[in-house]
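Take a look at the model before reading on.

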Amino acid sequence: MKNLIYLITLFASISSALAQNKTFNIIDFGAKPGLNFINTKNIQSAIDAASKNGGKVIIPDGQFVTGPIEIKSGVELYLSADAELLGSINRLDYGKKNAEALIYAKKQHSIAISGKGIINGRGREVVKNLLTLLHQGVLEDETWKVKRPSESNRPRLIAFTDCEDVSVKNVKLKNSAGWVQDFVRCNKVNIDSITVESTEYWNNDGIDIVNSKNVRITNCNVDAADDGICLKSEGMLGICENVYVENCIIRSSASGFKLGTGSYGGFRNIKVRNITVYNTYRSAIALEAVDGGFIDGVDIEGVVAKYTGNAIFIRLGHRNKTDKFSTIKNIRIANVKADIPNTKPDAGYPIEGPLPKVPPHNLLPASIVGIPGHLIENVLLQNIEITYGGGASEKTANIPINELDKVVENEAGYPEFSMFGELPAWGFYVRHAKGITFKNVKLNYIESDFRPAVIFDDVNGIDVNGLKIDKSEHPNVMVLKNTGAVSIKNTKFPSNKKESIKEIQ
């Protein structure tokens, strides 16, 4: 992995050096600041000139409005500290059928976006104009009347496809109408020290990596109305491979760091270090394979989750309509400290996460859940501390330990931590898995909870060493159902529980 990081840094340095051969100020190509002048042609002319021999296109101080612009090989788009590149609010400027991104590149190499300035998609205004055009019949959309305009009708801020040696550094990205950044089938991507503030409309993923390889995301601050940093494997078959995330702060009305939901190909060699997730509606960490793809080799260490709906969610499902099943194996998650409140953690943000479409339930535990006959394999949870708000009530929902089969499988459901409705444990729920290791795991709650702390159901190969649970209202702290090859040692459970560990068939 160290060699990979060195190569990515080297490629980024080379591309930056190439792009600084010559500068091209957009003012020299007729660009004008202000909200009443569209600079698309002027900025594109500067890019085209810079692409001939490689160079830096300067967006100087001031506000400059533009429609979609295409970055070409050898070009660095540089925004001065007081520069703001504003997306046009006329949806038709992005094309009539499928909206082009504000800044896009296809099959280019050695490209960069840098500087201390702002790129503002003005997404709310764009969508308002889009809705007017849909009502007028100027544009068409299959989903806008029942939900919202489709993703293809809402322009992204940045979209790079089939590109190599890509760098995005230091800039602030604001208010996209769709995904903020979309890197599809790219190789050697370096995203560093950027700020994302995009909470004005739905589907505003902060950073999306789709079937891309050799990616480094570091020192970023993301506040998004959808997933914060999300790796996907969808569209044309491919995989995400060799991805490194470090020192990032994430706020999301969905999940913080996520693999999936799109999971047709797979994910391999994914490493995460030192992230903070806060005020986030769904999971701090979500690993999801539900479309026939694989997850193999995920190493996450150093996570602080403050006020999130869920700490860890690992799900193997079967949403695709073929007979190909997903696989998840070789996962390590270590050094996690999470606080899970019993209130909605993203309440008050402009776009809140939606209420789950399941029956009423109590506060939900971290979970690792496969499906019958298709097990999640080899998961190590080490040095994990999760504190729950508690406050569960049997009047809200209750699945007794002798009725664990009542937990729905929901094999084809959209993967999220609330997809099962009520769960019978308050701390950790593991089902349909093998090779599960808990090492130095501490679970606690603030208000009382009537459920067992941990349940293993249909799990073979359980190694629990150093599990600490200080409180338990239920007579059984841990429940084992249909389990085998179980090793439990060095536990600390409440001393008044005579049958702390309950085995049932």
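Predicted model: local features only at pLDDT ≥ 70, side-chain atom pairs only at ≥ 80, totals over all residues.

Residues are numbered from 1 along each chain as its sequence is written, and side-chain values use heavy atoms, with hydrogens and water left out.

**Helix α3**

- Helix α3 covers residues 123-136, 14 residues in all. Helices here are DSSP runs of H or I with at least four residues, strands are runs of E with at least two, and both are numbered from the N terminus.
- At 1.5 Å a residue, α3 should span 20 Å, and its end C-alpha atoms are 20 Å apart, which agrees. The expected span is 1.5 Å times one less than the number of residues in the helix.
- The buried residues of α3 are G123, V126, V127, L130, L133 and L134. Seen down the axis of α3, these buried residues fall within an arc of 120°, so they line one face of the helix. The arc is taken over the directions from the helix axis to the C-beta atoms.
- Buried means under 20% relative accessible area, exposed means over 50%, and partly exposed lies in between (1.4 Å probe, protein chains only).
- K128, H135 and Q136 are exposed, on the face of α3 turned away from its buried side.

**Positive phi in strands**

- D165 sits in strand β12 (residues 164-169). D165 is not a glycine, yet its phi is positive, at about 60°.
- D165 has 7% relative accessibility, so it counts as buried.
- The C-alpha atoms of D165 and H109 are separated by 5.6 Å, although the two residues are 56 residues apart along the chain.
- K188 belongs to strand β15 (residues 187-192). K188 is not a glycine either, and has a positive phi of about 65°.
- K188 has 16% relative accessibility, so it counts as buried.

**Cis peptide bond**

- G260 and T261 are joined by a cis peptide bond, with omega about 0°.
- T261 is part of strand β22 (residues 257-263).
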